[in-house]
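Subject: Structure handover

Hi,

Here is the structure I promised you. Please open it alongside this email, and then read on for what I found.

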Amino acid sequence: MSKAGVRVEFDVENATDKLPRHIAIVMDGNGRWANRRHRPRTFGHRAGQKAVRATIEACLRRGIAALTVFAFSSENWQRPDEEVGALMTLFLKALGREVDELHDHGVRVRFIGELGAFSPALRERMRAAMEKTRGNGKLAFNIAVNYGGRWDIAQAARHAAQAVVRDEITPARIDETFLASHFALADLPPLDLFIRTGGEKRVSNFLLWQLAYAELYFTDTLWPDFDAACLDAALADFAARERRYGKTSAQLSSGTAGAS
Ligand code: IPE
Ligand code: IPE
Ligand code: MG
């Protein structure tokens, strides 16, 4: 049984072929979690860190190749200064505290987004974390900060334009494959499973291009309450989906038209 009392039929321990290779999570609901406890929103952000640790551990146990979390959107700068400041302090401290342990567990840490907007101290810690863990292969853990899906598309388009200006390609070469290779995380397996906690059913400018054929999973659980059992519930739901990629169910079950 999962925490919510819903029976999880799926035997996650023995279902490696039905597991997603790449999971992305919009970690939403920290503020409401704190509000319900009559505490400031930052209390919820602090509590959310435990859920990040639990999710990384669960992904390592399950053999998931890549986990990408949305920690701070390009729109989140619009929040009150105290909240933005508290989040920056939290990121700085978490980086100081967690990177060695992640490294010991074989986790490769990467930040995606427009990192130039952050303080030099934070940028340096991000750089150091990426540098230290770059050789690790157990789990690619990507943290989207000052990230926006529209920004990602714009920067891929800019790279394409630059390649044309340098005479490396003609505009005719700019197709889906070319663009795809210039998005954040292009080197990782395609996004299989998108999870959003906190009950909202929207993408909020997360990985727009990469979401094209991801399976979407929404849960009312607020992010600080998310744990390994919640992840298993999402994995069970994912395993029950039929990913048709435009084909028919019959084509898939005849085994002659495998999706790639
Ligand atoms: C997500 O939780 C964390 C960040 C956006 C940094 P929220 O802070 O959005 O929490 P709610 O949605 O207000 O409850
Ligand atoms: C999305 O959550 C961004 C992160 C979780 C970092 P928001 O709480 O900012 O999204 P909206 O405002 O509800 O769309
Ligand atoms: Mg929110």
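Which element gives the largest share of the shell around ligand 2? It is strand E2, residues 66–73, with four residues. Strands here are DSSP runs of E with at least two residues, helices are runs of H or I with at least four, and both are numbered from the N terminus.

Some ground rules before the details. This is a predicted model, in which local features need pLDDT of at least 70 and side-chain atom pairs count only at pLDDT 80 or more, while totals for chains, interfaces and linings use all residues. Residues are numbered from 1 along each chain as its sequence is written, chains are lettered from A and ligands numbered from 1 in the order in which they are written, and side-chain values use heavy atoms, with hydrogens and water left out.

**Ligand 2**

Start with the neighbours. Residues around ligand 2 include Val 26, Met 27 and Asp 28. Phe 70, Ala 71, Phe 72 and Ser 73 are also among them. A residue is near a molecule or strand if one of its heavy atoms lies within 4 Å of it. By class, this shell holds five nonpolar, three polar and four charged residues. The classes work like this: Ala, Val, Leu, Ile, Met, Phe, Trp, Tyr, Cys and Pro are nonpolar, Asp, Glu, Lys and Arg are charged, and the others, Gly among them, are polar.

Now the polar contacts. A polar contact is a pair of N or O atoms within 3.5 Å; within protein, one must be able to donate a hydrogen and the other to accept it, and residues adjacent in sequence count only if both atoms are side-chain atoms. The side chain of Ser 204 has an N or O atom 2.6 Å from an oxygen atom of ligand 2. For Asn 76, a polar side-chain atom is 2.9 Å from a ligand 2 oxygen. For Arg 79, the corresponding distance is 3.2 Å. Ligand 2 taken alone exposes 390 Å², and the protein buries 78% of that. Such areas come from the Shrake-Rupley method with a 1.4 Å probe; for residues, only the protein chains shown count as cover.

Where does ligand 2 sit? It sits in the largest pocket. Pockets and cavities are found on a 1 Å grid over the protein atoms alone: a cavity is a set of points where a 1.4 Å probe fits but cannot get out, a pocket is an open set with protein on both sides within 12 Å along at least five of seven lines, and lining residues have an atom within 4 Å of a point. A molecule sits in one if more than half of its atoms lie within 2 Å of its grid points.

**Ligand 1**

The space taken by ligand 1 is the largest pocket. How many residues surround ligand 1? There are 13, and the closest are Asp 28, Gly 31, Arg 32, Arg 41 and Arg 79. Helices H1 (30–36), H2 (41–62) and H3 (81–104) each supply at least two residues of this shell. H1 gives the largest share, three residues. By class, the shell has three nonpolar, five polar and five charged residues.

One lies 2.7 Å from a side-chain N or O atom of Arg 79. At Arg 41, the side-chain distance is 2.8 Å. At Gly 31, a polar backbone atom is 2.9 Å away. The protein covers 87% of the 380 Å² of accessible area that ligand 1 has on its own.

**Single residues**

Gly 31 is found in helix H1. Is Gly 31 buried or exposed? It is buried, because its relative accessible area is 5%, and buried means under 20%, exposed over 50%, partly exposed in between (1.4 Å probe, protein chains only).

Glu 83 lies in helix H3. Its relative accessibility is 6%, so Glu 83 counts as buried. A polar contact of 2.7 Å joins its side chain to that of Arg 41.

His 22 is in strand E1, residues 22–26. At 3%, His 22 is buried. His 22 and Leu 193 are 171 residues apart in sequence, yet 6.6 Å apart in space, C-alpha to C-alpha.

Asp 167 sits in the loop between helix H5 (149–165) and helix H6 (176–180). Asp 167 is exposed, at 69%. Its phi is positive, about 65°, although it is not a glycine.

Best wishes
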